[in-house]
Amino acid sequence: MTGAAPCSCEPSAEPTPEAFRSACAQFPTGVVVVTTALDGTPYGSTVNAFTSLTLNPPQVLVCLAATSRTWSAIERSGVFAVNVLSSGQAATARLFASKDSDKFDHVDHVPGALGAPLLTGTTARFECRLAGTTRNNSHWMLIGRVVSLASEPEREPLLFLHGRLAG
C-alpha cells in the first residue's frame, strides 16, 4: 500500500479506557435490543456486543452488564430474544439504553413463543434459550440457543459507528 502511514501499534502501557473506546469506535457494529419477560414483566436493554456463534446448533453470543436488570431477569427466566434494530429505530435504541421503567409502553411489540417481547419493525429477531454464561469483569457473556427466528432483509440495519447511531 503506497502512501499508507506506518502503524503506531508498538506495545506500551495498557491503553486508557478513553483510548480503547476511541479505537473500538472505528469498528461499525449493529444495534440490538435484548429482551425477556419474568413473571409477566418485560425487560430490555440496548446492546451492540452481539454476534452469531455456531451454525449447528444455531447459537448467538450477547454481552450484558452484570448490573443490568435485563441480565438478572434472563438469568431467572432462562430465555431471551435479540431484536436487531432497523435504520429507523434510533429512538428505540436510545430508549432501551435508558433506565426508564416503562420502555415497553413506547414501542410496538408482541410476545414471542418463549414469552420474550419481540419488537416490531426490526430487521431480524432471534428467540433463544439460555445455553451458557461466562462472567468477565463487568459483563456477562450469554450464549443463546436459537429456537426461532425471523428476518426482514429488505430493511436496513441500525449501525453504531464513531460513537453515533447511523442508519
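**Figure 1. Glycine 121 and the residues it touches.** This view comes from a predicted model. Leaving aside residues up to four places away in sequence, glycine 121 touches Ser86, Gln89 and Arg155. Glycine 121 sits in the loop between strand 8 and strand 9. Its relative accessible area is 27%, so glycine 121 counts as partly exposed.

**Figure 2. Threonine 122 in the loop between strands 8 and 9.** Strand 8 covers residues 117–119, and strand 9 covers 124–136. Threonine 122 is found in the loop between them. Is threonine 122 buried or exposed? Threonine 122 is buried, because its relative accessible area is 0%, and buried means under 20%. Not counting residues up to four places away in sequence, threonine 122 touches Asn83, Val84, Leu85, Ser86, Gln89, Glu152 and Arg155. Ser86, Gln89 and Arg155 are also touched by glycine 121.

**Figure 3. Polar atoms around the side chain of threonine 122.** Which side chain makes a polar contact with that of threonine 122? The partner is arginine 125, and the contact spans 2.8 Å. Alanine 124 takes part through its backbone: the backbone oxygen lies 3.5 Å from a polar atom of the threonine 122 side chain.

**Figure 4. Helix 3 and the strands it packs against.** Helix 3 runs over residues 90–97. Its buried residues are Ala90, Thr92, Ala93, Leu95 and Phe96. Which strands do the buried residues of helix 3 pack against? They are strand 2 (32–38), strand 3 (41–47), strand 8 and strand 12 (164–166).

**Figure 5. The whole chain, as context for the close-ups.** Three helices and twelve strands make up the secondary structure of the chain. The radius of gyration is 17 Å, close to the 15 Å that the globule rule gives for 167 residues, so the chain is as compact as a globular protein of that length. Along the principal axes, the C-alpha atoms fill a box of roughly 55 × 35 × 35 Å. Of the 167 residues, 34% are buried. Take the contacts between residues at least 6 apart in sequence: 64% of them join residues at least 24 apart. The accessible surface comes to about 10000 Å². Carbon and sulfur atoms account for 54% of that surface. The chain has 12 positive and 13 negative charges, and their mean positions are 3 Å apart.

Note on methods: Residues numbered from 1 in each chain as written. Predicted model: local features only at pLDDT ≥ 70, side-chain atom pairs only at ≥ 80, totals over all residues. Heavy atoms only, no water. Helix = DSSP H or I, 4+ residues; strand = E, 2+ residues; numbered from the N terminus. Buried < 20%, exposed > 50% of the residue type's maximum accessible area, 1.4 Å probe, protein only. Polar contact = N/O pair within 3.5 Å; in protein donor to acceptor, adjacent residues only side chain to side chain. Contact = heavy atoms within 4.5 Å. Rg over C-alpha atoms; globule rule 2.2 N^0.38 Å. Areas by Shrake-Rupley, 256 points an atom, 1.4 Å probe, with all protein chains shown as cover. Lys, Arg positive; Asp, Glu negative; His and termini not counted. Charge placed at Lys NZ, Arg CZ, Asp CG, Glu CD.
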